[in-house]
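Here is a set of questions and answers for someone meeting this structure for the first time. Please keep the sequence and the 3D view at hand while reading.

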Amino acid sequence: MTDVDVIVAGAGPAGLAAACLLALDGRRVALVARKQGDATDPRTVALMQPSIRLLAHLGLWPGTLKDQTEPLRKLRLIDDTGAMFKAPTITFDPVELGEEAFGWNFPLRLLIPALFARARELGVDLTDADAAGAQPVSGAVSVTTTDGRRLQARAAIAADGRNSVLREAAGIRTNRWAYEQTALATSFAHSGAHDGISTEHHRQAGPFTTVPMPGNRSALVWMERPERASQLMALSDADLAAEIQIGTHGALGRVFDIGPRRLFPMQGLVARDFAKNRIILIGEAAHVVPPIGAQGLNMSLRDAAQAADLMEGEDDPGNAALLAKYDALRRRDVQPRQQVIDMMNRSLLSGFVALEAGRAAGISLLQQFGPLRRAAMQYGLAPSSGLPRAMRLALPADQGSAPTSIA
Ligand SMILES: Cc1cc2nc3c(=O)[nH]c(=O)nc-3n(C[C@H](O)[C@H](O)[C@H](O)COP(=O)(O)OP(=O)(O)OC[C@H]3O[C@@H](n4cnc5c(N)ncnc54)[C@H](O)[C@@H]3O)c2cc1C
């Protein structure tokens, strides 16, 4: 039996960030994870400024990661639905908020190893097996692993993804739903420049979103009806490049050099409790949203940072009052955001004229009224209720300087 302060199950980006934050605060952390990332994952994740500050707090930004990421200088929404009420094209510019970029776009296959290496440097103890279950023991939680070990801590963090074993062990139920959509994630080279602009084309089967990568290359998240997504997946590189070129209306020039691709069926999930029985849910163990507006991992990193904030200086980091506070704080951020994303997505899928008209009217208002547009951009970056400590740090002025706290 191993005794630590906190057990983290799952070495996805959320679990690794939580493990690093807790270790940085001086906690003894055990990470239970058989798999640490997937080098073939084609996804990139757009991380907004608060998440970048968290990476700086962990000592991972700017560093070598910066050279392999690309700033998101503008976000553009284009109505490609062909609906009766067409929304105007709108471009969000972070300069209106006094920021040079909304954030940066990271390949997950680079972000996860960087977080994992940092966790090891910070002394996080790795158990190279998955979590098999958890039981309460007096004043603690005991986690069993798939290789028969037993670890004990005052608290456990469930970062073991949407089918979380620890969530189940905590007795937490979920609300789940499926969308009639599958996302194709890939990347491609293009002859024109992207100018740091991420473009979300709203189509009837869902968004078709290009996100800048270094050089003349972009990541693509293309949401389609499942049958169509499977057809796209089966195309040759040349045929897929031609389809992507049509999807972008040629705005990025000639499309070529398609990267690895993968399909992601679209689901939604929200846990009915975000923490219970000494187990705190973070990331996709707590909430799953479709990739619209780059919210999923940004919310998950706020989960990790919030859990670390509440645990700071606590003798018992799994006490009931702390768990109740975590539940209330995270629910306030996650649930309204999840509803907005759901509504955006369904307004595309439904084909109801009233919903289409509502979407077009909403986007027109954002386009015309600066204060409304700035409020929407601010909301996309961070919740109005405030940010955890690690996300309120000034970014280093240059590559060499250390992060300075302004909290
Ligand atoms: C196409 C696409 C594009 C996206 N783009 C963005 C974006 O631009 N911005 C953004 O913020 N978000 C984005 N997201 C969302 C983002 O990818 C997810 O929110 C994020 O990867 C979830 O991280 P996680 O650590 O919670 O879960 P996961 O990445 O699922 O990690 C869970 C980990 O737990 C492990 N595990 C499973 N079971 C166990 C067990 N029993 N014991 C131990 N470990 C276990 C798994 O192997 C895995 O390593 C996107 C998602 C998709 C599908």
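Q: Which elements are included in what covers the buried residues of α2?
A: The model shown here is a predicted one. In it, helix α2 spans residues 49–57 and is mostly covered, with nine of its nine residues buried; among these buried residues are Q49, R53 and H57. What covers them includes α1, β4, β8, α8, α11 and β23.

Q: At about what angle to β4 does α2 run?
A: The helix α2 lies across two strands, β4 and β8, and those strands are joined to each other by five bridges in an antiparallel arrangement. Relative to β4, the direction of α2 is about 95°.

Q: Which strands stand at the edges of the open sheet of three strands?
A: The strands of this open sheet follow the order β4-β8-β5, with antiparallel pairing. Two of them have a single partner strand each, so one side of each is left without a neighbour in the sheet. The strands at the edges are therefore β4 and β5.

Q: What is the bridge partner of M48 in β8?
A: Strands β4 and β8 run antiparallel and are joined by five bridges. For M48, the bridge partner in β8 is G103.

Q: Which element gives the largest share of the shell around the ligand?
A: The ligand is surrounded by 32 residues, and the closest are G10, G12, G283, G296 and L297. Two or more residues of this shell come from each of α1, β4, β14 and α8, and the shell as a whole divides into 18 nonpolar, nine polar and five charged residues. The largest share, four residues, comes from α8.

Q: Which element gives the most to the largest nonpolar core?
A: This core has 103 residues, and those with the most contacts inside it include I7, A18, A156 and I282. One of them, A156, touches residues that include V6, I7, A134 and I279, when residues up to four places away in sequence are not counted. The element that gives the most to the core, with nine residues, is α1.

Q: Why does D125 count as partly exposed rather than buried?
A: D125 is found in strand β9, and beyond its neighbours within four places in sequence it is in contact with V4, V29, A30 and L31. A residue is buried if 20 or more other C-beta atoms lie within 10 Å of its own, and exposed if 12 or fewer do. D125 counts as partly exposed because its number of C-beta neighbours inside 10 Å is 17.

Notes:
Residues numbered from 1 in each chain as written. Predicted model: local features only at pLDDT ≥ 70, side-chain atom pairs only at ≥ 80, totals over all residues. Near = placed C-beta within 6 Å. Nonpolar A, V, L, I, M, F, W, Y, C, P; charged D, E, K, R; others polar. Core = buried A, V, L, I, M, F, W, Y, C linked by C-beta atoms within 7 Å. Contact = placed C-beta atoms within 7 Å. Pairing = 2+ DSSP bridges. Axes fitted to C-alpha atoms, helices over the stretch in contact; angles between N-to-C directions.
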